[in-house]
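Student: I have a structure to look at and would like to learn how to read it. Could we go through it feature by feature?

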Amino acid sequence: MNSRFALLFASIVGLACTTALQTTHAQTIQPTGPVQQVHTGFEFTEGPAAMDDGTLYFTDIPNNAIHRLSADGKLSLLTDESNHSNGLWPLSNTKLLACEMDGAVVMHDLSSESPKRIVLADSFNGKRFNACNDLVVDNHGGLYFTDPQYRAPEPWPQTERCVYYLANFETDPQVNRLTGDIEAPNGIGLSPDGKTLYVIPSMQAEMLAYDVLEPGKIGPSRVLCKLKQPEGETSRGGDGMAIDVEGNLYITTHLGIQIFSPEGEARGIVAFPEIPANVTFGGPEFKTMYATARKSLYSVEMPIAGFREFPAN
């Protein structure tokens with residue numbers, strides 16, 4: 001190799017390495033502000049859901065409560081008879097969906113001073129659900145939800161831990177089971193285009209993705225990504241999830257909120273003082289990431305706005 005060629009080759013390699021480093025740096029998603037504790041003193045917080053008017057709802061499972069945080073920061077109690085509600089979904093400013101771990105998917109009508117609880121589904125094939133956990137609404141009048149074993153009676157009413165689809169939930173609810181047994185299906189979400197369903201198992205490191213063939217019909221599962229593990233562990237799964245407008249996934253784990261691209265590439269971890277259980281976006285520009293983490297509610301500003309996954313039909 002002559003010296004001129006060697007110099008040219010070295011320049012090309014150097015440029016390639018620099019470009020690769022810049023690309024890697026560009027792909028990292030980091031907070032634009034500090035993690036802040038918004039409220040604490042709960043038992044186990046879950047299910048954050050932000051309304052368009054700035055109100056944030058979240059659950060405290062052991063205390064059987066759903067709390068409401070107004071846009072001006074005032075904390076109040078929506079109900080202390082939530083049937084151990086876990087995941088919530090903001091259908092509109094006056095309609096809040098909830099997965100009750102006591103075995104039902106319900107809607108809270110908030111249009112009056114006395115909210116009304118409406119049961120959308122509480123059984124499949126004549127038996128109650130195990131312990132409905134989390135949900136996501138699509139753009140076709142339906143919703144997907146997970147039904148793992150946590151807080152389920154023994155033996156499990158549904159002998160498998162599955163994902164379900166509830167079609168026409170506001171008019172004529174119809175339930176279909178979409179999967180076989182999954183290792184504790186927990187968080188769930190849809191890609192911004194509605195073509196991919198994500199499921200977050202809690203008892204395996206591999207996070208799952210499914211092609212949405214049509215509303216309520218999905219293809220075979222595939223592994224989207226594998227979570228980074230705490231030291232000494234190999235199969236610690238995730239809990240809740242959120243998605244931003246670019247399709248990145250934010251998955252709550254024992255290490256913090258792990259962020260992955262739609263292709264399953266790791267894009268960073270946001271650490272919290274307590275282990276986060278669930279996550280959502282809110283705030284004026286929808287760039288405030290809220291995390292429910294054990295006894296507290298936290299917030300942190302992020303560079304990319306969250307995606308409002310089909311809040312109304």
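Student: Where is Phe 272 placed?

Tutor: Start with the definition: helices (H or I, at least four residues) and strands (E, at least two) are DSSP runs, numbered from the N terminus. Phe 272 sits in the loop between strand E23 (266-270) and strand E24 (278-282). A word on what you are viewing: this is a predicted model, where local features need pLDDT of at least 70 and side-chain atom pairs count only at pLDDT 80 or more, while totals for chains, interfaces and linings use all residues. Residues are numbered from 1 along each chain as its sequence is written, and side-chain values use heavy atoms, with hydrogens and water left out.

Student: Is Phe 272 buried or exposed?

Tutor: Buried means under 20% relative accessible area, exposed over 50%, and partly exposed in between (1.4 Å probe, protein chains only). Phe 272 has 13% relative accessibility, so it counts as buried.

Student: Which residues is Phe 272 in contact with?

Tutor: Contact means heavy atoms within 4.5 Å. Leaving aside neighbours within four places in sequence, Phe 272 is in contact with Val 35, Ile 257, Met 289, Ala 291, Tyr 298 and Val 300. Take Ile 257: it is 15 residues from Phe 272 in sequence, and their C-alpha atoms are 8.2 Å apart in space.

Student: How should I read a nonpolar core?

Tutor: In soluble globular proteins, nonpolar side chains tend to be buried together. A nonpolar core is a set of buried Ala, Val, Leu, Ile, Met, Phe, Trp, Tyr and Cys residues joined through side-chain atoms within 4.5 Å. The largest one here has 35 residues, and those with the most contacts inside it are Leu 97, Leu 143, Tyr 144, Phe 145, Leu 166 and Leu 197. Strand E14 (residues 162-167) gives the most to this core, with six residues. A second, separate core has 18 residues, including Phe 272, Val 279, Met 289 and Ala 293.

Student: What does Leu 197 touch?

Tutor: Beyond residues up to four places away in sequence, the partners of Leu 197 include Val 136, Tyr 144, Val 163, Ile 188, Leu 190, Leu 208, Tyr 210 and Ile 218.

Student: Which residue does UniProt list for "active site"?

Tutor: UniProt positions are given in the numbering used here, with feature names shortened, and annotations may be inferred rather than shown by experiment. The unreviewed UniProt entry lists Asp 239 for "active site". In the model, Asp 239 is in the loop between strand E19 (217-226) and strand E20 (241-243). Its relative accessibility is 14%, so Asp 239 counts as buried. Not counting residues up to four places away in sequence, Asp 239 touches Glu 46, Asn 186, Gly 187, Ile 200, Ser 202, Thr 252 and Ala 277.

Student: With which side chain does Asp 239 make a polar contact?

Tutor: A polar contact is a pair of N or O atoms within 3.5 Å; within protein, one must be able to donate a hydrogen and the other to accept it, and residues adjacent in sequence count only if both atoms are side-chain atoms. The side chain of Asp 239 makes one with the side chain of Asn 186 (3.1 Å). For a case that uses the backbone, look at Gln 204: a polar atom of its side chain lies 2.9 Å from the backbone oxygen of Glu 206. Gln 204 is in the loop between strand E17 (196-201) and strand E18 (206-214).

Student: How many disulfides are there?

Tutor: A disulfide is a covalent bond between the sulfur atoms of two cysteines. The rule used is a pair of cysteine sulfur atoms within 2.5 Å, and by it the count is zero. For Cys 132, the closest cysteine sulfur is in Cys 99, 5.4 Å away, which is too far for a bond. Cys 132 is buried, with a relative accessible area of 0%.

Student: How do I read the chain as a whole?

Tutor: Its secondary structure comes to one helix and 26 strands. The radius of gyration is taken over C-alpha atoms, and the globule rule is 2.2 Å times the number of residues to the power 0.38. With 313 residues, a compact globule would have a value near 20 Å; the chain has 21 Å, which agrees. Of the 313 residues, 52% count as buried.
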